[in-house]
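Welcome! Here is a short briefing to read alongside the picture.

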Amino acid sequence: MSFKCCWLYSMLIPVLASAQQHMHQTGTSDEAFALQLHRQALVFDTHNDVISTLTMKGYDISHRLNVGNTDLVRLKAGGVDAQFFSIWCDGSYGKGQAFAWANREIDSLMAIIHRNPDKIALATSASDVKRIVAQHKIAALIGVEGGHMIEDRLDYLDSLYKRGMRYMTLTWNNSTDWATSAVDETLHADTLSHKGLTAFGRQVVRRMNELGIIVDLAHVGEQTFYDALAVTTRPVLVSHSSVYALDPVPRNLKDDQIRAVARNGGVICVNFYDAFLDPHFSHRLDSLVDAHPRLSDSLKQLYPETMDFQVHFLQALPEAAYQIKPPLSLLIDHIDYIVKLVGVDYVGLGADFDGAEAYPRDMDDVTCYPRITSALLQRGYSPADIRKILGGNVMRVLQANETGSRPAHATGER
Ligand SMILES: [Zn+2]
């Protein structure tokens, strides 16, 4: 693992070692220890939307940007070692369009990689991740967000695998002809022609297992969720979802779903989006918008897309925005809830940066991951458990999905 600012860290190591034995010393040594742990650990986030949100709009994330949540400079500063980049289009991209768009987004990610060979490289396996991280580069992985991008064709699934796709969410908010989404199963149940996975949907899951593409159950409805778990022979990923018991939105995971992922040996990567953490956030945001009609009207003219508007609205009112955001401790509560329910082996980080309008206080962009390490230490987590949460659990699932490796056994649940 790389130490950024090596000389500084080498000077600090003796101090930090003793700090480890005296965790309840001053705040300063605790912070230094947290930073050292963070830099040493493999930090692996499973969901970032910067390709759709910035690069496809012409931004060059090679440099530090003053827009969005992500660029290569800030990923490095946040100690992010491996990142699944989301390849995404919405359901309006139909047959003849969605697969082509997915390929364009992959082209865009590959262009960034080719322009920055000293900073980032494509990883398609756990051993790639380890090698690239040892070279002090960011390991970039491809995750396709929405089964509609294969346009009901297994040859398109194979093609995206060959380009490097290593996870695919079976649905986005829109259902496919073969899998139903959380949004549709909960909000449009009476209009569905089928519910859960069809026979072809089960074929897709089997083909993903054969190729070594992780089955990602973020965004899917409960029926699809359990249907997919019944078929898959490999551990699943839920790349960016939080806990339903703490915030009952349709695509957060209920306790039984969390237990089912643990039995499968998979991992749930907690989404940092305020509305998926805090059941009252959306209401506070709506009230703030209502309280500023002139500002919101003019911004809606400039930014007709909802997320774009909300990002700019919150930026225009930084103090009020800070007040309505939940504290970082609420994000830690979601992690802690999963750990208490099933154990520490089934939770990870899937921030959804550049995919949502707001994140907890002081968690504004990808530079903020060290704060999670610090908060977990303060919650009493051991360094070994924190390493699992930061990336160790995701590495286990990535490896267990590789062709040739044996399916990982479930390691039991509490
Ligand atoms: Zn998503």
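A nonpolar core is a set of buried Ala, Val, Leu, Ile, Met, Phe, Trp, Tyr and Cys residues joined through C-beta atoms within 7 Å. Buried means that 20 or more other C-beta atoms lie within 10 Å of the residue's own; exposed means 12 or fewer, partly exposed is in between, and C-beta atoms are placed from the backbone. This is a predicted model: local features need pLDDT of at least 70, side-chain atom pairs count only at pLDDT 80 or more, and totals for chains, interfaces and linings use all residues. Residues are numbered from 1 along each chain as its sequence is written.

**The core**
- The largest nonpolar core holds 109 residues, and Val238 and Ile268 are among those with the most contacts inside it.
- This core lies between domain 1 (6-40) and domain 2 (41-278 + 326-400), because both give residues to it.
- Leaving out residues up to four places away in sequence, Val238 touches several residues, including Leu217 and Ile268 (contact means C-beta atoms, placed from the backbone, within 7 Å).

**The domains**
- The bounds of the domains come from an automatic or database domain assignment.
- The C-alpha centres of domain 1 and domain 2 are 31 Å apart.
- Eight residues from domain 1 and nine residues from domain 2 make up the contact.

**Leu246**
- Leu246 counts as partly exposed because it has 16 C-beta neighbours inside 10 Å.
- Beyond its neighbours within four places in sequence, Leu246 is in contact with Asp333, His334 and Tyr337.
- Leu246 and His334 are 88 residues apart in sequence, with their C-alpha atoms 7.2 Å apart in space.

Key
Two residues are in contact if their C-beta atoms, placed from the backbone, lie within 7 Å.
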